[in-house]
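Hello,

Here is the structure I said I would pass on. Please open it first, and then read the notes under it.

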Amino acid sequence: MADHLELQGAAVAAGCALVQGAAVVDGADLWTPLRAVHADGRVVWGAEVTRSVPGMPLERYVWAGGLRVGAYRHHEPLGIVRLMAQNDDALRAQGIVPEALPALLVTSAWLVRPSVITVLLEGAVLDGGLMVPADFEWQETAYQQLWLSLTRAEVQGAGVGGTAEWVDLSAWRWRAG
């Protein structure tokens, strides 16, 4: 199971098992229902939403207790990521100068804080430090995570296909890095 921006770790820290439901496509969004189930029967409901809107950066959000508690966003739209995944010869064959592409697929992230599930299980209100900041999408550099960013060679190594609607490079980075 994917870590869901470290929600898995938060669930384990709260003594819960994280259960993933079947994903549902809704327009440009892929919704994956999640629930953290405590041994005493308490449950925190959540979802992971993966969004791929043409011309916009690739995004992933984790919701828990109706609040946005995790976020992951590439700084490049899917079309650029697809181009980054191609080798130089393939790009030149299309009339694209490889050096014109970004050398790094920069990522912004707000990882789920370890205490999120515990706070929600206790019925308490999440404070601002546990939720994704309201300016996350508009202040990309403030939330940049270079350790999650990928070089063009790493994007190519991730096996990104040219027709993918969503490129799950975040899971690849956690496995590889």
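The notes below cover the aromatic pairs and then the salt bridges.

Please keep in mind that this is a predicted model.

Aromatic rings

The count of aromatic pairs comes to two. One of them joins Trp110 and Tyr143, edge-to-face, with 6.2 Å from centre to centre and 75° between the planes. This pair links distant parts of the chain, as its members are 33 residues apart. Trp110 belongs to strand E8 (residues 107-110), while Tyr143 lies in the loop between helix H4 (116-121) and strand E9 (150-151). Phe136 and Tyr143 make up an aromatic pair too, this one tilted, at 5.5 Å centre to centre and 40° between the planes.

Salt bridges

Side chains of opposite charge can pair when their charged atoms come close. How many salt bridges does a search of the whole structure find? The search gives ten. Among them are the following.

- Glu137 and Arg68 meet through their side chains at 2.4 Å, N to O. They are 69 residues apart, with Glu137 in the loop between H4 and E9 and Arg68 in strand E6 (residues 67-77). Glu137 is buried at 12% relative accessibility, and Arg68 is buried at 17%.
- Arg152 and Asp88 form a salt bridge of 2.8 Å, N to O. This one joins helix H5 (residues 152-157), which holds Arg152, to helix H3 (residues 88-93), which holds Asp88, across 64 residues. Arg152 is buried at 14%, whereas Asp88 is partly exposed at 29%.
- Asp89 and Arg92 are bridged at 3.9 Å, N to O. Both are in helix H3, and because they are three residues apart there, about one helical turn separates them. Asp89 is exposed, with a relative accessible area of 60%, and Arg92 is partly exposed, at 45%.

There is also a network of salt bridges, which links Asp29, Arg51, Glu59, Arg73 and Glu140.

Regards

Technical notes:
Residues numbered from 1 in each chain as written. Predicted model: local features only at pLDDT ≥ 70, side-chain atom pairs only at ≥ 80, totals over all residues. Heavy atoms only, no water. Phe/Tyr/Trp six-rings, centres within 6.5 Å; stacked < 30°, edge-to-face > 60°. Helix = DSSP H or I, 4+ residues; strand = E, 2+ residues; numbered from the N terminus. Salt bridge = Lys/Arg side-chain N within 4 Å of Asp/Glu carboxyl O. Buried < 20%, exposed > 50% of the residue type's maximum accessible area, 1.4 Å probe, protein only.
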